[in-house]
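Here are some exercises to work through with the model open beside you. Try each task first, then compare your steps with the solution.

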Amino acid sequence: MIVLSIVDFIGRFHPVLVHLPIGILLVAVLFYFLSGQEKYKSVAPAISIALFIGMCSAIASSISGFLLSETAAYEEPLLSRHQWFGIATTVVAVAAWVLYSKQFRQFKGVMLLLSLLIIVTGHFGGSLTHGDDYLFASGDINEKPAIPQKLIPDVQQAVVYTDIIKPLLQAKCYSCHGTAKQKGKLRLDEPDYILRGGKNGKIFIAGNTGESELLQRIVLPHDNKEHMPPKEKPQLTKNEIALLHWWINTGASFTEKVTALPQPANIKSVLAALQSGKKNEEVAMSYIPEAEAEKADETAIKKLRERGVAITSVAQSSNYLAASFIAVDSITIKDVELLIPLSRQLIWLKLGNSNCTDAAMDLVGKLTGLTRLSLENTAITDSAFKQLKKLSRLQYLNVAGNTISAAGLEQLKDIKPLKNLYVYKTGVSADGFASLKKIFPQVLIDTGGYKVPVLSSDTTLVTSPK
Amino acid sequence: MTQQELHNWRLQHETQNKYLHYHTRRHFIKQSAMGLGALALGSMLGCGTNKTTTPATDNFFDPVNPLAPRPPMFPGKAKSVIYIHMAGAPSQLELFSYKPELAKLDGQDCPPSLLEGKKFAFIRGVPKMLGPQAAFRQHGQSGLWLSDNLPHLSTVVDDIALLQAVTTDQFNHAPAQLLMHSGSARQGRPSLGSWVTYGLGTENKNLPGFVVLTSGGNNPDTGKSVWGSGFLPSVYQGVQCRGEGDPVLFIKDPDGMSRDIRKASIDAINKINEEQYKEYNDPEILSRIAQYEMAYKMQISVPEVMNINDEPAYIHEMYGTQPGEARFANNVLLARKLVERGVRFVQLFDWGWDAHGDSPENAVDVGLINKCRAVDKPITALLLDLKQRGLLDETLVIWGSEFGRTPMMENREGKTMPFKGRDHHGAAFSMWMAGGGIKGGTTYGETDEIGYNITNGKTEAFDIQATILHQLGFDHEKFTYESQGRPFRLTDVGGKVIHDILS
């Protein structure tokens, strides 16, 4: 807010000012009791000044506190308690200063009263700002952040309960059905408790998902009172429900490994996601390495842009680069050379529909970070693969429309990540394709040449209702 | 009071106080005490605007090079988009939405429960139900039901994700088209293609980033505003290219003007503009200079890319193209060529799907079938051709329309129509998406047994837009443009990414 009233403004000094009387007056009390001892007699002259300054600061805090209470929102009974104790403290502080100068007899009592008031007022003030459960509440005042499901290195070897189901229950159920609380007399943090169930008895029947209350209540509409987790709590994702369903269906074992259980197609993909973490939608693109690269050389990028190369980072927050030579009229070796300083960052490269030759591939072979490479309709031959086989991270390779053969492509057999290979309109024969299929069992090899049949209905028109 | 309660209570109190601030005299006077002084101080110190934060997306617009490629917010799966819009609204009940129950009701009076409180564009009184006018079959591994009107698309169903419960609140063509493409049923907002080219620029500086191709004899009902740039800089509006004759009007130099003279005149104009820029510092002048240069280059590059004559015969056979004619198949082939050359967004409109039943051309059992025959083969060819060229995984293809059609037979002005037709129906219709990280062979959303209302998986225009932006690497809630003092989004205040259809 630009315009702040002067009253609000002064009031806001209260949180700073209150610390002065607390400190200074307590020092005065301390000095007063110390000065009784011979050793500390010399501090006695400071008591009066400490009391005076403490008194002044107490008055200032009272005023600022009053203004603050006028403008800001505080809980009522606690506020008035704090207010009146604060005023009392100030009054006693003033009295203490006056009485000390008059050498009042019962001054010890005044000092004790003063320190007591300071402590009580301070406590109320603290409760006002931090909440009255602040002092004694345990560490987890705020909602616990959801525990992210950790990635499983080899999901087939994972134990279903310990590695998949338990973390899931921990993230979504333990807060009410765990060690701290057992709502509905149900605990889900140990196999024994899970088997025992809650106040309605067993929560699931192994192998029978239809009769399992646990699942039934999870899939109820969110606004149903019986729905679990309650609608204001973090909900189970579709994948998590599928996993629970699968676990109960397959007998709800607490010891079995994933590999020992039957895996329908939908569960396979969910399990794969646990391994790869792919379900984190925002970073689903696996064409990007997980470790971040250092910043790319700006001058190298600038030189490429001057040549008409479209080069940008793959995302605003990433240093990895994607380059496309689509708008470069005639690509020279020198142009490709400009990429070399960026070999650590460059992961996607389009050199397709150009005059690139095997000579340019000598350079491309040095860009070992590449995960996607488009070389369709260029002038490369089989000897290009001698260089390209060095691209050990390649996942996508498009060599459509080039005079190449299966024998050339076979040289890529050691590129483990390779997933897509486009060989439409190349010299790859039917036999060659068969042998490629054997060498690259995991790779989707697209030979293209799709036909859309000519149907008589394509060219005739309907004139009357059929 | 716990800390949490305290927090909530304070929020509530603050809201109340805020409200009082606007209304009570006491607060006004109190505020004035400091406020007037602060205002005076502000002017003395020479404060400017109070706009301290500029959204990151503000940095997108570089007037000198407005179409330069830019990174998305996060790595997107799709790099380019082909959006195929069937203007006029094809009947989902004869294409994608298999409703055997509706066949049983054929010819019966529409039950009043379906009409209560409903308003239709043309239906009045009590219409008759109209059963599906096409046979349906299951196709592919996914077993999607498709009608016999789409024999070619049926062979590639495992590549498409079918949205069966799309819905819109508009029942007239123009506003419904605007809503689909610009996120608002009224004019003035940038279209999807404009947003995308604004966000990502384009890979090929020699071509426009956003190309529009129309067929069917008419522009869409809402006119060119459906590919307009709204409040975005005008360089992001769609460039409409024509299917026959010159692709862009006046793209050729006039007789007697050689390429050299053209170059010299553009250089001269640019020099004058540079002088002008030095005087006024208006970035739009730089934009103008850049556009002159781009136009000069496009005089060569656009006719080149828009020429489908040099495509081999088997490609023509695949798409069913006829070079030299303005037809949908040609536009689809062009769309593939453009995307291959790095164009970011290609928007196709095909007019003539408004099957009301007032003429044979507008009958669901005559005209609709003929329209299907004109689009089925090229669309299928597009998917397969993109696939074999390794482009489908980074090209998002969307097929759809502005709304669907009623399960009732239209009875305009309460009279029986001469042919079988259906009225506009926004409550439930079908669209599909393919490529660009979409999971093929999936269906999302369901409708009731006559296809009248959706039962789950409600999908609005905003959801589709959010999904398209997501696939391109944008969070639709953060992708904004500052206009008239506030940031605008394509999806306004709605939109949910349809994760169920993403691979």
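A crossing of two helices is called left-handed if the near helix is turned anticlockwise from the far one by less than a right angle, and right-handed if clockwise. Helices (H or I, at least four residues) and strands (E, at least two) are DSSP runs, numbered from the N terminus. The model is predicted: local features need pLDDT of at least 70, side-chain atom pairs count only at pLDDT 80 or more, and totals for chains, interfaces and linings use all residues. Residues are numbered from 1 along each chain as its sequence is written, while chains are lettered from A and ligands numbered from 1 in the order in which they are written.

**Exercise 1.** Describe how H10(B) and H11(B) pack.

Step 1. Start with the axes, which are lines fitted to C-alpha atoms, for helices over the stretch in contact, with angles running from 0 to 180 degrees between N-to-C directions. The axis of H10(B), residues 328-340, comes within 9 Å of that of H11(B), and the two cross at roughly 15°.

Step 2. Classify the angle: under 35 degrees counts as roughly parallel, over 145 as roughly antiparallel, 65 to 115 as roughly perpendicular and the rest as oblique. H10(B) is therefore roughly parallel to H11(B). The handedness of their crossing is right-handed.

Step 3. List contacts, meaning residue pairs whose C-beta atoms, placed from the backbone, lie within 7 Å. On the H10(B) side they include Val332(B) and Ala335(B), and on the H11(B) side Ile379(B) and Leu382(B) are among them.

Step 4. Sort by class: Ala, Val, Leu, Ile, Met, Phe, Trp, Tyr, Cys and Pro count as nonpolar, Asp, Glu, Lys and Arg as charged, and the others, Gly among them, as polar. This helix contact has 10 nonpolar, no polar and 2 charged residues.

**Exercise 2.** Find the residues with the most contacts inside the largest nonpolar core.

Step 1. A residue is buried if 20 or more other C-beta atoms lie within 10 Å of its own, exposed if 12 or fewer, and partly exposed in between, with C-beta atoms placed from the backbone. A nonpolar core is a set of buried Ala, Val, Leu, Ile, Met, Phe, Trp, Tyr and Cys residues joined through C-beta atoms within 7 Å.

Step 2. The largest core has 184 residues, and Ala335(B) and Met433(B) have the most contacts inside it. Its largest share, 10 residues, comes from H11(B), residues 367-388.

Step 3. Look around Met433(B): not counting residues up to four places away in sequence, its partners include Ile160(B), Leu396(B) and Ile501(B).

**Exercise 3.** Is Pro72(B) buried or exposed, and what does it touch?

Step 1. Pro72(B) is buried because 25 other C-beta atoms lie within 10 Å.

Step 2. Leaving aside neighbours within four places in sequence, Pro72(B) contacts Ala315(A) from the other chain, and Gly199(B) and Leu472(B) are also among its partners.

**Exercise 4.** Compare the backbones at Pro229(A) and Ala252(A).

Step 1. The peptide bond from Met228(A) to Pro229(A) is cis, with omega near -15°. Pro229(A) sits in the loop between helix H9 (213-219) and helix H10 (238-249) of chain A.

Step 2. Ala252(A) is not a glycine, yet its phi is positive, near 50°. Ala252(A) is buried, as 23 other C-beta atoms lie within 10 Å.

Technical notes. Contact = placed C-beta atoms within 7 Å.
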